[in-house]
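Morning, everyone. Please have a look at the model on the screen, and then I'll walk you through it.

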Amino acid sequence: MESLPQINTEYFVEFLVKLLNVHSPTGFAEPAVAFVEKELSRYKQLELSRTRKGALVAKWNVKGELTPVALTAHVDTLGAVVKEIKPNGRLKLSRVGGIQWPSVETEGVWIFTSKGEKIRGSVLIDTASGHIYGADGSKTPRDDDHMEVRLDARTTSEKETRELGINIGDCVAFDPRVEVTNGFIRSRFLDDKACVANLVSAIKSMTDAGLSPARTVYFHISNYEEVGHGAAAGIPSDVAELVVVDMAVVGRGQESDEFHSTLCIKDSGGVYHEGLNQKLRALADEYGIPYKTDVYPFYGSDGEAFWRAGGDVALALIGPGIDASHNYERAHMDGLNATTNWTMAYLLSA
């Protein structure tokens, strides 16, 4: 059985925790893109650039005649924007991506104003007080019309809230609430920052071992995946294969779990490229990487966005099992390490 470079697990966890704590809802992901860019700037073999859309592209150039390949993972997350300032000074939100309201009820948030200020608040149902609404409060629908942000500021009117500098369209970022315990990482937005960490960790492990990819590779860090068009642009036209690294869905009816990496065969956009799937299966078998295969009915990827935009590549998707997707998510180091190893196995393959 072939061996792969050693993964620095301490580095992986430290990088991922820091990245999770950088707020980056879709449309406001620049801080996280910049964080990854700064980290990758340590590796002199990488040529870094930005797309006009704000995505990061890192090119690891390798001499030879083999056609380049690419991997993509996204750093943008679910979030919200201010939709309305209510007469009581509280905020009504419009969700960005598929955040589930019950999962963030009572959670802390930051409002990032257009003038650069940060204002703290929390998400509540508008019938939150048990001493007023009693049991009826628990029956209130958790939806766009009944969830609100209570600001940690002296405001009881729309006028006072506007005087704080808050305006319609301001970014609202939910606390990730990261915790590392017993081999698990619990946090919001492991989708897809865990997989960004997989790519960065693979680059570090190969660099530390003095290894290079078998061919030129582009690492594309997407910033609009959660709204469906992240990697529609930014993948160079000379790329022959694109491997998306994104979470595997864990739950009822799914084969995936938190202790394996998973190869997605089909999702809501259809089937992936069988030839590239077979190549990845063979690599996992060759290197003893624990993996499963699965189908995700309610899932789409950056790779499919590229396909729909006319991208002429073989396309596949791998990723670690993430429990409670788009909720309070959890991953295990076994699945995360398997995905990093699968990434390195792919990079080293001709």
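**Helix packing and a few local details**

Let's start with α6 and α9, which are oblique to each other. The numbers behind that: their axes cross at roughly 55° and come within 9 Å. Helix α6 covers residues 190-208, and helix α9 covers residues 333-348. One caution before going on: this is a predicted model.

Back to that crossing. It is right-handed for α6 and α9. Which residues of α6 make the contact? They are Ala194, Asn198, Leu199, Ser201, Ala202, Ser205 and Met206. On the α9 side you have Leu336, Thr339, Thr340, Thr343, Met344, Leu347 and Leu348. What is the make-up of the contact of α6 with α9? Eight residues are nonpolar, six are polar, and no charged residue takes part.

Next partner of α9: helix α1. Here the axes are 12 Å apart and the angle is about 100°. An angle of 65 to 115 degrees counts as roughly perpendicular, so α1 is roughly perpendicular to α9. From α1, the contact uses Thr9, Phe12 and Val13. From α9, it uses Met333, Leu336, Asn337 and Thr340. By class, the contact of α1 with α9 has four nonpolar residues, three polar and no charged.

Keep an eye on two of those names. Leu336 and Thr340 of α9 contact α1, and Leu336 and Thr340 are also in the contact with α6.

Now the partner of α6 on our list: helix α2, residues 30-40. The axes of α2 and α6 lie 11 Å apart, at an angle of about 10°. Under 35 degrees counts as roughly parallel, so α2 is roughly parallel to α6. Val36, Glu39 and Leu40 of α2 meet Val196, Val200 and Ile203 of α6. How does the contact of α2 with α6 divide by class? Five residues are nonpolar, none is polar, and one is charged.

Stay with α6 for a moment. Asp191 and Asp192 are joined by a cis peptide bond, with omega about 10°. Asp192 has its place in helix α6. For context, most peptide bonds are trans.

Another backbone point: Thr106. Its phi is near 75°, a positive value in a residue other than glycine. Where is Thr106? In the loop between α3 (101-104) and β6 (108-112).

On to rings. The count comes to six aromatic pairs. One of them is Tyr11 with Phe15, and that pair is stacked. Tyr11 and Phe15 both lie in helix α1, residues 9-20. They are four residues apart, about one turn of the helix.

Last stop: Gln254. You'll find Gln254 in the loop between β14 (248-250) and β15 (261-267). What does Gln254 touch, leaving out residues up to four places away in sequence? Val249, Asp294, Val295, Tyr296 and Pro297. The side chain of Gln254 reaches the backbone oxygen of Val295 at 2.8 Å. Compare Ser222, 32 residues from Gln254 along the chain. The C-alpha atoms of Gln254 and Ser222 are separated by 26 Å.

To recap the helices: α6 and α9 are oblique, α1 is roughly perpendicular to α9, and α2 is roughly parallel to α6. Thanks, over to you.

Methods. Residues are numbered from 1 along each chain as its sequence is written. This is a predicted model: local features need pLDDT of at least 70, side-chain atom pairs count only at pLDDT 80 or more; totals for chains, interfaces and linings use all residues. Side-chain values use heavy atoms; hydrogens and water are left out. Helices (H or I, at least four residues) and strands (E, at least two) are DSSP runs, numbered from the N terminus. Contact means heavy atoms within 4.5 Å. A polar contact is a pair of N or O atoms within 3.5 Å; within protein, one must be able to donate a hydrogen and the other to accept it, and residues adjacent in sequence count only if both atoms are side-chain atoms. Axes are lines fitted to C-alpha atoms, for helices over the stretch in contact, and angles run from 0 to 180 degrees between N-to-C directions. Angles under 35 degrees count as roughly parallel, over 145 as roughly antiparallel, 65 to 115 as roughly perpendicular and the rest as oblique. A crossing is left-handed if the near helix is turned anticlockwise from the far one by less than a right angle, and right-handed if clockwise. Ala, Val, Leu, Ile, Met, Phe, Trp, Tyr, Cys and Pro count as nonpolar, Asp, Glu, Lys and Arg as charged, and the others, Gly among them, as polar. Rings of Phe, Tyr and Trp (its six-membered ring) pair if their centres lie within 6.5 Å; planes under 30 degrees apart count as stacked, over 60 as edge-to-face and the rest as tilted.
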